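Thanks for making the time this morning.

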Amino acid sequence: MPRPASPRRDTRATSPTGSRPASRGARAAAGGRDILLHGAATARECLRAGLLDEMELQLIPVLLGQGRRLFEDMPPDHIELEPLRALDGPDALHLRYRVRSEA
């Protein structure tokens, strides 16, 4: 018997002060270590603000039919992703890029 569809919950979390102040707080708390963030909306906001040094993407061959697009509604500025590493796993492709912006 198929399970009933569950209502979609919005699980976005945002900083009321924006990505720059949140980034400063995260950097202070990390004490020089790397800061990791997850989710297309958060990554897109930080990419727009010029706060990302690197991006790591996991490509998994599953079509979910919904979700947020990572590069949707980006500004017309030129942002280049320089490939650093590509690892082919049994269930995913792991890609790491350096973020380079031309001002």
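Predicted model: local features only at pLDDT ≥ 70, side-chain atom pairs only at ≥ 80, totals over all residues.

Let me begin with a definition: a salt bridge here is a side-chain nitrogen of Lys or Arg within 4 Å of a carboxyl oxygen of Asp or Glu. By that rule, the count comes to six salt bridges. Residues are numbered from 1 along each chain as its sequence is written, and side-chain values use heavy atoms, with hydrogens and water left out.

As for the overall layout, the protein has two helices and three strands, and along the sequence these follow the pattern α-α-β-β-β. Helices (H or I, at least four residues) and strands (E, at least two) are DSSP runs, numbered from the N terminus. Buried residues, meaning those under 20% relative accessible area, with exposed being over 50% and partly exposed in between (1.4 Å probe, protein chains only), make up 18% of the 103 residues. If we take contact to mean heavy atoms within 4.5 Å, then among contacts between residues at least 6 apart in sequence, 60% join residues at least 24 apart. The accessible surface, computed by the Shrake-Rupley method with a 1.4 Å probe and, for residues, with only the protein chains shown counting as cover, comes to about 8700 Å², and 52% of this belongs to carbon and sulfur atoms.

In general, side chains of opposite charge can pair when their charged atoms come close. Here, the side chains of E54 and R96 meet in a salt bridge, at 3.5 Å from N to O. E54 lies in strand β1 (residues 54–59) and R96 in strand β3 (residues 93–102), so this pair ties together parts that are 42 residues apart in sequence. R96 also meets E56 in a salt bridge, this time at 2.7 Å from N to O, and because E56 lies in strand β1 and R96 in strand β3, that pair ties together parts 40 residues apart in sequence. R85 forms a salt bridge with E56 as well, the closest N and O atoms being 3.3 Å apart; R85 is in strand β2 and E56 in strand β1, 29 residues apart. Through shared partners, then, E54, E56, R85 and R96 are joined into one network.

Staying in strand β2 (residues 78–88), we find E82, which counts as partly exposed at 23% relative accessibility. Not counting residues up to four places away in sequence, E82 touches R96, Y97, R98 and R100, and the C-alpha atoms of E82 and Y97, 15 residues apart along the chain, are separated by 5.2 Å.

Let me turn to helix α2 (residues 40–48), where R44 is found. R44 is buried yet has no salt bridge, and the nearest side chain of opposite charge (Lys and Arg count as positive, Asp and Glu as negative, with His and the chain ends not counted) is that of E72, 5.2 Å away. Leaving aside neighbours within four places in sequence, R44 is in contact with R68, R69, L70, E72 and M74. The buried residues of α2 are A40, A43, R44, C46 and L47; they cover an arc of only 170° around the axis, taken from the directions from the helix axis to the C-beta atoms, which puts them on the same side of α2. After α2 comes G50, whose phi is positive, near 75°.

Finally, V62 lies in the loop between β1 and β2 and is exposed, with a relative accessible area of 52%.
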